[in-house]
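Subject: Structure handover

Hi,

Here is the structure I promised to pass on to you. Have a look at it first, and then read on for my notes below.

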Amino acid sequence: MSHVQDELIASDIEAYLKQHEHKGLLRFLTCGSVDDGKSTLIGRLLFDSQMLFEDQLAAIEKDSKKWGTQADAMDLALLVDGLAAEREQGITIDVAYRFFSTQQRKFIVADTPGHEQYTRNMVTGASTADAAVILVDARHGVLTQTRRHSYLVHLLGIRHIILAINKMDLVDYDPAVFRRIVDDYRAFADLIGMEDFTAIPVSALKGDNILHPSPAMHWFHGPTLMGCLETVEVDETRMQRAPVRLPVQWVNRPNLDFRGFCGTLAGGILHPGDRVRVLPSGKETRVARIVSDEGDRPRALAGESITLTLEDEIDVSRGSVICGADAPAQVADQFEARIVWMHEEPLYPGRTYLMKAGVQTVQATVTDIKYQVNVNTLERLAADTLELNGIGVCNISLDRPIPFDPYEENRDMGSFIFIDRFEHHTVGAGMIDFALRRAHNIHLQHVDVDKAARAALKGHRPGVIWFTGLSGSGKSTVANRVEEKLHALGVHTYLLDGDNVRHGLNRDLGFTEEDRVENIRRIAEVSRLMVDAGLIVLTAFISPFRSERRLARDRLEDGEFVEVFMDTPLEVAEQRDPKGLYRKARRGELKNFTGIDSPYEPPENPEVTLDGAHLDVEAASNRVIQALRDQGMIPR
Amino acid sequence: MRDGDYLTHLQRLEAESIHIMREVAAETENPVMLYSIGKDSSVMLHLAMKAFHPAPPPFPLLHVDTRWKFREMYAFRDRMARELGLDLIVHINPEGVERDINPFTHGSALHTDIMKTESLKQALSAHGFDAAFGGARRDEEKSRAKERIFSFRTAQHRWDPKNQRPELWKLYNARKHKGESIRVFPLSNWTELDIWQYIYLKDIPIVPLYFAAERPVVRRDNALIMVDDDRMPLEPGEEPEMKKVRFRTLGCYPLTGAIESGADTLPGIIQEMLLTRTSERQGRVIDHDSAASMEKKKQEGYF
C-alpha cells in the first residue's frame, strides 16, 4: 500500500495513527450498465487513492493481457471483477465489496451489476449503503437502466444520490451535453419523488473530476466525486436524531445478579437514567447501566452494539425492542409494505413465509398484491404473483404483532426479509410503509361461520387428496411427504390412514366386502366433515372399488377432490410386501386380499397418476402439490 | 476513541462484528470459533470477549493444528486460552499423523489439503458444529470479496458461489437444513490496516513473531524460512543464519516466509506496512498458483 505521498507516515507514524483513528466510514454503491465504465471507476478510485499493492498491480497487468478490453493499457476493471466465471463472461454478476480510504474516510463500495435480471443484487448492495453513485455514459444519456437504478436506490431509501456522467472525454468535455443529461434526469427525479441529487461530469478512464478538479472542465464548479463522497452525511449519524430503539438480540445472564440486554442501537442516543418503554409488553423503566469491557459508559450512539441493564426486573427477551419512553415504536400485525422478490419461485399470496424483521422471526402471509411496479416504465400493474426481481406493493399479515417503525423513518426497524419455510432460502426483501388498522375492527363484523368463512382463515381452500392403489404401492410414503410439504407451506392438513382409522373409528369392521365398503364410507364421511372445517385431508387406503371412490367424490363440491392413483404393478407391490401381507394371502391366511383374491379397479380419470414402480418420492409429492395448485386448492 | 458525535470507522466495524456474533449465538445450535492464532484471530477473539462481556463467549475455540506451526504460536495459544478461561479444542487429522504428512516430503498442496482442509471438515463434523466463525477478510483476495458474511456449506462442506443467499441490511438468514453448516466471517469488512490499527488502539496481545527479532533463517525460493525446530531438513551447504526478521502472516513455519525488518513496535509494523508495496498474502505459498486458486480451494471446502 503506497501511502508514500503521505509524509507523515515516514516522519511521525504515531501522529498519523492518531489522525486516522478518527476517520469516519461511508458505505456506497455504484450502479450503471455494463458499458458505463463502472468497474473502471472503482478501479480508478482504488488506483488514485493509492490503495493498490505492487503484486496486485502485477497481477492485473498480467490479467489485462489475458482478459482485458483496453488494448495495451492496464484494464482497471479487472481489479474489481472477482470470480473466475465472471471474468470469462467479461461481466460482473454478483455484489462485490471493495475497500479504500482517504484521510477523511474509509469507504466500503458495493459493486453491483447493471442488467435487469440482477435487480436482486442491486437491492442487496443498496440496503446497507449511505450513498449511491449512478453512472451514465455521456454519449447515451439517461437510459432505461439509469431510471431503473435510480428508482431502486430511491426505493431503498438512499438519501445521497450522485449522478456521475462518465466518459466526458468522449464528448469533448462539452458542457451542453452535461446540462442536457442533468435536465433529463431532474425531470425523472421529480417524477419518482427523489428530492435531491448531485451531478458530476467525470472521466473514470482519464481521472477527470474523480480526485482532482478536471483541467478540461473549468466550466464545472461543483465537487469532485471523491470530495462529495468524503462529505455526505452517514446514515447512522442521522439516526442519532431519531427516537431511541434497541432491538434486543441476546439476553446476557452469566449469573443471577446480572441481566444484560444486548443489541445494536438502531436509533437515538442513550444514557443511564433514560426512561424507556419495552415493546411489545409496554412496561416502562429506566436504563441502569451501559456495560462494556472497558467500564460503564456515559452514553451510547445509534449504530453501536451495546449491553445495558434496566432498573426494574421486567420481561425482556430476544425480539423485544427497548424504546425511548417519549416516542415508542408502533406495534402491529398487518402492514402495507413494498416487497422485492428475489427467488425463481414466485411470491404467491396466501402462502406462509418466515419473516425476519429486526431480530425476530415470525410467520407472514401476503394477503394481497395491490399492484406491481414496472421498474422500467414505473407503470402500476395488477399482479397475482411476484416473479423474480418483481417489485410489488402488498398487504401482509403476521401471526403475531411486532414492534416496528416505517422504513422511511428507521431502516433497521422497518426492513424485513422473507425466508422460504421449507428450503430456507432468502426469497424476498421488504420495507414496511405503515400498519393497516383493519385488524382492530375485524372482530366487530358479523360473520356467518360457514365453510367459506373457515376456509378464509386458512389462506387455502379445503379439499381431499385421495390416494388409491395396491397394498405396498407407496400411497402412505407419498401421502406423508405431501403432508410434510403442505405443512411447511402453512396448509392445515390431516392424514387419514389405516393406523389412525382402523384402531378407533372403524375397529368394529373386518375385511369382508361389506365391511370394506363401510370402512370407506366412514372415511369419506369424516373427510367431508374435515373439509367443512376448512382442512386439506389426505387419505391413504387401498380403496379398490370405483363406486366407493365415486361416493367419496360426490360428497364434496367440484374442485375439492383430487384422486391420486399409485400405479404399481402387482409383482412390484408383492415383492415389496412391507407388512408381509401378500405372503400371508398367498398362504391363504388372509381372505379377500386385493390383487390376490379380490379385484382392484384402477381409476378411469384420476387427477394424478404416479409411477409407483419407479417411485421418486420427491418428484411424486411435487406433482401432487402442483395438482393442488392447478386446482386452485392452494395458492400458486 | 470518541471524538465528536460520529462513530469512527473502527467503532462501526466493531459494532458490525459484534452484531454478527450475537446473531450467530442466538440463531444457531452449536457454534464454534476457528482460532488460527494469527492477528485476525486475535482481533476476532477480542471482539467475542467484548460482545458477551461480562459472560464468556457462548462457544468454544477450535484450532485445526497441522503440527507445523511455530513454537511461539503454540505457547501463545495455550496462554490465551488459560488467561481468558476459554474452552479450546485442538484437532489434528489422525490420518495425517499416521502417514506423517509434512510440507517437506509431501509439498505444500498435499500438506494443506490433508492437515487443513480435510482436518477442518473432520473436526466440524465430529463435534456437530453448525456454525463456525472465521477471521477471513474481503480485502484479502478476490473471491472473498464476493462471499457473504453468512456463507453456507453443504453437508460435504462445499461452497457454491453461484448459489449464495442475498444478504440485506443487518438481517442474516441463519436457517439451514440438517447437516448443512455456515461459515461466518465477522471481519469481512475489515482491511489489514483496520486490523493493525485496532490492535494498536485496544492493546490486543499478538504472537511475538509479528515483531522483528534476530531469528535463524535460510533462504529458499526467494523466501526466508525460519528454522523453528530440528525437524527441518537442511540442504547440503545450507547454513541457518541469524537475521532480524518478522512475519506479516503466520501459518506453518516451513510455508511462511519472513521479511527482513527492524519493526519491533506496533507503530513500526504499521509504518512498514504502509510504506511497502507487497500485499499480505504474498507470504503465503498457497495463493501463488493462479488468481482463481482460492476460489477453487473454497469450493472444495478450504475455509
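R522(A) and E518(A) sit four residues apart, about one turn of the helix, in α15 (residues 513-532) of chain A; helices (H or I, at least four residues) and strands (E, at least two) are DSSP runs, numbered from the N terminus. The two form a salt bridge, with 2.8 Å between the closest N and O atoms; the term stands for a side-chain nitrogen of Lys or Arg within 4 Å of a carboxyl oxygen of Asp or Glu. R522(A) counts as buried at 19% relative accessibility, while E518(A) is partly exposed at 21% (buried is under 20% relative accessible area, exposed over 50%, partly exposed in between, with a 1.4 Å probe and protein chains only).

Please keep in mind that this is a predicted model: local features need pLDDT of at least 70, side-chain atom pairs count only at pLDDT 80 or more, and totals for chains, interfaces and linings use all residues. Residues are numbered from 1 along each chain as its sequence is written, chains are lettered from A and ligands numbered from 1 in the order in which they are written, and side-chain values use heavy atoms, leaving out hydrogens and water.

Over all chains, the salt bridges come to 63. In chain B, R79(B) pairs with E83(B), their closest N and O atoms being 3.3 Å apart. Both lie in helix α3 (residues 71-84) of chain B, four residues apart. R79(B) is partly exposed, at 32%, and E83(B) is exposed, at 53%.

Which parts of chain B does the salt bridge between E14(B) and K50(B) link? Its closest N and O atoms are 3.9 Å apart. The pair links distant parts of the chain, with E14(B) in helix α1 (residues 9-27) and K50(B) in helix α2 (residues 39-52), 36 residues apart. Both E14(B) and K50(B) are buried.

Chain B as a whole has eight helices and ten strands. Of its 303 residues, 63% count as buried.

Back in chain A, P298(A) lies in the loop between β12 (283-291) and β13 (300-301). P298(A) is exposed, with a relative accessible area of 65%. Leaving aside neighbours within four places in sequence, P298(A) is in contact (heavy atoms within 4.5 Å) with L270(A), H271(A) and P272(A).

Happy exploring!
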